[in-house]
Amino acid sequence: MPQLRDDGPVSGRDWDRAVELISSADEIALACHVSPDGDALGSMLALGLALRAVGKRVTASFGEHRTTVPRLLRFLPGQDLLVGLDDYPAVPELMITFDVPTVGRLAMLSGSAGRARELIVVDHHPSNTRFGTLNLVDPGAAATAVLAEELLHRLGLPIDKAIATCLYVGLVTDTGSFKYSSTTPAAHAMAARLVATGLNTEEIARDLWDRSPFAYLRVLGTALDRVTLEPEVGGGLVWTFVTRADRAAYGLPYDEVEGIIDVVRRTDEADVTAVLKEDDDGAWQVSTRSKGGVDVARICTALGGGGHTKAAGFTSHLPVAETIASLRALL
């Protein structure tokens, strides 16, 4: 089990309060950010599975009209916990958010968060605004899944293979399969505990990183064809965009384009990478990455988003040229 920390960013008193609130609640509403990634969804489903196993009434959602999980994450256990907005409590007795740095990232669940009798925020983003009645926030944690695992141990709840799968996905996606600077000895130790439950890590890795429909390659080609390098901006900026029409031409769902930034960010001449992705509602979801020379979390927070020093994002309702102009000005 993890080493329990009482002297870190989260105090022992706050951990104890979280255990008290969760143990005394009959119904618990869980939420993660819109367009959920592996850490957000994995952390939320891990706790949801563990709480349901001990008789708690649990609902989970991520603030969108559609509760469609990205294809790459559809192997995660516990997705039967997910409910639509109409079935999510309007005034939760206890609400717990995962991987959500600002209340705005809850989108259509922000109202429920504001009305919740108690709101526990579980997160590791340095840009977290501490919007809960209780905040379990540790920017030094490699992933929100690290905090979710610790919370499970403090609750005395066992971690079986299904729960471990969810936590492991959160850990490996946010550490880039242990290649990002957020990787710590503690992250490797956590992975060892989870793998010991019987995980098939090869199968998980294949689902996460080694699969894509042929249509993805066509859309990737389109995005790369219009990629732009601005070496004089912020230590070098490389950016591109993907429209709804690009995806529609090949029948590619929105959630399939997330990996494009991992190709574009390889550019040697740029410290900062930005990929603008038009979602099905016409908004631009902007992902940014930095190699370390620029704190993209500060920039994205100024534009209404948030994230980490080297990986952050925001939503824009402006055209591509104006969105890039606003990003460029801050760089």
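User: What makes helix α2 and α5 roughly antiparallel to each other?
Analyst: In this predicted model, where local features need pLDDT of at least 70, side-chain atom pairs count only at pLDDT 80 or more and totals for chains, interfaces and linings use all residues, helix α2 (residues 38–53) and α5 pack at an angle of about 160 degrees, with their axes 8 Å apart. Angles over 145 degrees count as roughly antiparallel, those under 35 as roughly parallel, 65 to 115 as roughly perpendicular and the rest as oblique; α2 and α5 are therefore roughly antiparallel. Residues are numbered from 1 along each chain as its sequence is written, and side-chain values use heavy atoms, with hydrogens and water left out.

User: Which residues make the contact of α2 and α5?
Analyst: Contact means heavy atoms within 4.5 Å. On α2 the residues include Leu45, Ala46 and Leu49, and on α5 they include Ile163, Leu167 and Val169. The residues of this contact divide into 9 nonpolar, 5 polar and 2 charged.

User: Which residues of α7 make the contact with α5?
Analyst: Thr201, Ile204, Leu208 and Trp209 of α7 meet Thr165, Tyr168, Val169, Val172 and Thr173 of α5. The residues of this contact divide into 6 nonpolar, 3 polar and no charged.

Methods:
Helices (H or I, at least four residues) and strands (E, at least two) are DSSP runs, numbered from the N terminus. Ala, Val, Leu, Ile, Met, Phe, Trp, Tyr, Cys and Pro count as nonpolar, Asp, Glu, Lys and Arg as charged, and the others, Gly among them, as polar. Axes are lines fitted to C-alpha atoms, for helices over the stretch in contact, and angles run from 0 to 180 degrees between N-to-C directions.
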